[in-house]
Amino acid sequence: MKKWTVRFLSLLVFNIVVLLVIGFLTPARVGWSALWAGIVLTAISIWIKPAVQNWFRTMAAKSASQRTRAGEKLIEFLLAFAVAFLVWIATVLLSGVTIGGGFFGAFWGYVLPPVILLIGWAIYDAIDDKVEAHAGALYDKASGGRSTATDASAPAIPQNPEAAAAGRRELNDGLTDEQRRMLDELGKG
């Protein structure tokens, strides 16, 4: 339960920031509905987006052998954009987010936000482990539990001196002691 709560809350905060950026950069009006839209976007991102992504990928995999490498990358981008577009439409329909600004404003209000969502998802994927670890520590502190993260002030685990020396040698040349011995034997023969 803790894992899902931490994941949901950390993604919720990130999605609210992304929605505010969308509201600032596009004709989409997020405003005070950012909290509800963030909850909707987070729920869709956690539970519905993976199923839609898998469905699209299985459909695209049927013709993967007929495409070039560049064609495959283009299809991957189009599939990711289609998923982001569907997530954006669902968020607009289920929350107080509105798209305005006439024909061109509406066009950019529907096309640009999925691109911003893709960028936001890429950023979140890059930092999610650290964010969720920090959010988990805050959750533990708030609930009175113990944090599972290691503390920098904690004493180091004692290590075998021979293993430590072997590790340092491996860091120097990337070879284990066994590999180094085998290469030495090859050089002698």
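K73 and E76 form a salt bridge, their closest N and O atoms lying 3.8 Å apart. The term covers a side-chain nitrogen of Lys or Arg within 4 Å of a carboxyl oxygen of Asp or Glu. K73 and E76 are 3 residues apart in helix α3, so about one helical turn separates them. An α-helix has 3.6 residues a turn, so residues three or four places apart point the same way. K73 counts as exposed because its relative accessibility is 54%. E76 is partly exposed, at 41%. Here buried means under 20% relative accessible area, exposed means over 50%, and partly exposed lies in between (1.4 Å probe, protein chains only).

This is a predicted model: local features need pLDDT of at least 70, side-chain atom pairs count only at pLDDT 80 or more, and totals for chains, interfaces and linings use all residues. Residues are numbered from 1 along each chain as its sequence is written, and side-chain values use heavy atoms, leaving out hydrogens and water.

The structure holds 2 salt bridges. R67 forms one with E72, with the closest N and O atoms 3.0 Å apart. R67 is partly exposed, with 22% relative accessibility. E72 is partly exposed at 24%.

Now the overall layout. The protein has 6 helices and 2 strands. From the N terminus on, they run α-β-α-α-β-α-α-α. Helices (H or I, at least four residues) and strands (E, at least two) are DSSP runs, numbered from the N terminus. Of the 189 residues, 29% are buried.

Helix α3 spans residues 69-94. Its 26 residues should span 38 Å at 1.5 Å a residue, and its end C-alpha atoms are 37 Å apart, which agrees. The expected span is 1.5 Å times one less than the number of residues. Buried residues of α3 include V83, V87 and W88. The buried residues of α3 pack against α1, β1 (28-29), α2 (34-61), β2 (98-99) and α4 (102-143). Contact means heavy atoms within 4.5 Å.

Helix α1 is next. S10 lies in α1. S10 counts as buried because its relative accessibility is 6%. Leaving aside neighbours within four places in sequence, S10 is in contact with Y124, V131, E132 and A135.

F24 is also found in helix α1, which covers residues 2-25. F24 counts as exposed, at 70% relative accessibility. V13, V17, V21, F24 and L25 form a nonpolar patch on the surface, with about 510 Å² of accessible area together. Patches are made of residues with over 30% relative accessible area and no salt bridge: like charges are joined within 9 Å, nonpolar side chains (Val, Leu, Ile, Met, Phe, Trp, Tyr) within 5 Å. Accessible areas come from the Shrake-Rupley method with a 1.4 Å probe; for residues, only the protein chains shown count as cover.
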